[in-house]
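Please keep the structure in view while reading.

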Amino acid sequence: MSTLQGRPRSPESVPTINRIRSRGFSMRHVSILLYPQAMTSSVSLTLEILHATNEQLRLRRCRALEMQIQFVGLDAATAMGGVVLTPDAVPADVAKTDLIILPALWRDPLAIIRRERALLDWVVRQWQNGCRLCAVGSASFLLAEAGMLRDQPATTHWYYFDRFARRYPNTVLKRDHLVTKAGRIYCVGSVNTLVDLMVQLVAESFGQLLAATVEQQFSPEIRQSVEVRLFDLERNNAHADDDIIDAQHWLRRHYAEPVSMSELAARTGLRIRSFNRRFKLACGVTPGDFLQQTRIDQAKILLRDTNLKVAEIAVQVGYANAGHFAAVFQRWSSATPRLYRQQVRRKLFSPTGY
């Protein structure tokens with residue numbers, strides 16, 4: 001499959017491979033399923049974000065981390081809008097993949113289940129082999145039909161809520177959540193939410209800074225993070241680390257105050273090294289990064305919804321120095337606070353959206 005080409009920047013202007021490494025979740029190979037009646041937008045948006053990520057890896061001279069992206073299907077598929085998509089590979093050609101995207105379906109999802117049983121069997125085998133799955137909209141029917149969502153949380157397109165609940169009573173349908181996660185299975189309720197999830201997966205694999213750069217190319221407007229909207233079975237089960245949950249709650253309440261991680265560790269009854277290790281294990285990020293992201297998320301809301309000056313917002317979210325705040329904000333968002341505010345308000349309030 002062809003990939004986007006970019007002009008490499010000078011060595012001084014881009015991070016080296018030593019600064020970007022795959023983070024726990026590997027996305028070396030991504031499979032996008034092709035079947036009739038797929039919604040073209042859920043295919044094209046996924047493809048564009050993945051190609052943009054590869055472009056950023058090339059610009060950072062990290063070609064060794066680039067993803068291989070393949071369309072996988074049994075034969076050519078006519079998607080919604082009459083677009084004919086041709087597979088790069090049939091299931092038998094792909095021995096292992098890290099992430100499978102199941103595009104949203106147009107009209108009756110059960111008809112696709114009956115016609116694409118061999119493709120669905122391959123998805124089950126890949127999941128058993130350790131890959132992640134992402135079902136968009138009504139594609140969650142495919143996973144439920146295969147028994148993969150039994151006793152698991154899931155969502156689907158709102159139009160199909162009642163039908164899904166009747167057909168799969170043993171699946172825990174989350175009508176109020178646009179994203180669900182059960183182990184390695186994600187369900188998203190809409191194509192727009194797919195963009196947010198893909199950016200989140202890029203962050204998990206390649207880091208928050210690269211993901212923010214990719215997101216900036218597609219949607220600079222304020223978004224509630226996937227973390228806020230996600231129903232995560234693992235995060236809601238009885239085996240969660242209660243000490244770290246308490247620490248997260250404390251950081252969310254006191255993010256605007258000076259924070260000493262040593263004192264916070266002591267509040268939980270842990271030594272600082274144990275606290276840092278358990279926090280990273282439970283949350284996937286360090287306590288410091290969690291605090292920074294919490295502050296930046298709040299700053300984005302204030303930039304969008306208030307007329308406070310940047311210096312005032314800096315103080316509101318815990319930074320005494322406006323220049324330091326601006327530098328941290330740009331590092332996490334790939335835009336200065338002023339530029340971010342301009343982009344957000346232009347898109348929110350302009351009649352044309354431009």
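**Helix packing and loop residues**

In this predicted model, helix α1 (residues 40–59) and helix α7 (residues 208–218) have axes that come within 10 Å and cross at roughly 130°. Because of this angle, α1 is oblique to α7; angles from 65 to 115 degrees would instead count as roughly perpendicular, and those over 145 as roughly antiparallel.

**The contact of α1 with α7**

- The crossing in which α1 passes α7 is right-handed.
- On the side of α1, the residues that take part are E48, I49, A52, T53, Q56 and L57.
- Their partners in α7 are L210, T213, V214, Q217 and F218.
- By class, the residues of this contact comprise six nonpolar, four polar and one charged.

- R61 lies in the loop that runs between α1 and β2 (68–72).
- Although R61 is not a glycine, its phi is positive, at about 60°.

**D151, between α4 and β7**

- The loop between α4 (140–145) and β7 (153–154) contains D151.
- D151 also has a positive phi, near 65°, and is a residue other than glycine.
- The relative accessible area of D151 is 52%, so this residue is exposed; the cut-off for that class is over 50%.

Key. Residues are numbered from 1 along each chain as its sequence is written. This is a predicted model: local features need pLDDT of at least 70, side-chain atom pairs count only at pLDDT 80 or more; totals for chains, interfaces and linings use all residues. Side-chain values use heavy atoms; hydrogens and water are left out. Axes are lines fitted to C-alpha atoms, for helices over the stretch in contact, and angles run from 0 to 180 degrees between N-to-C directions. Helices (H or I, at least four residues) and strands (E, at least two) are DSSP runs, numbered from the N terminus. Angles under 35 degrees count as roughly parallel, over 145 as roughly antiparallel, 65 to 115 as roughly perpendicular and the rest as oblique. A crossing is left-handed if the near helix is turned anticlockwise from the far one by less than a right angle, and right-handed if clockwise. Contact means heavy atoms within 4.5 Å. Ala, Val, Leu, Ile, Met, Phe, Trp, Tyr, Cys and Pro count as nonpolar, Asp, Glu, Lys and Arg as charged, and the others, Gly among them, as polar. Buried means under 20% relative accessible area, exposed over 50%, partly exposed in between (1.4 Å probe, protein chains only).
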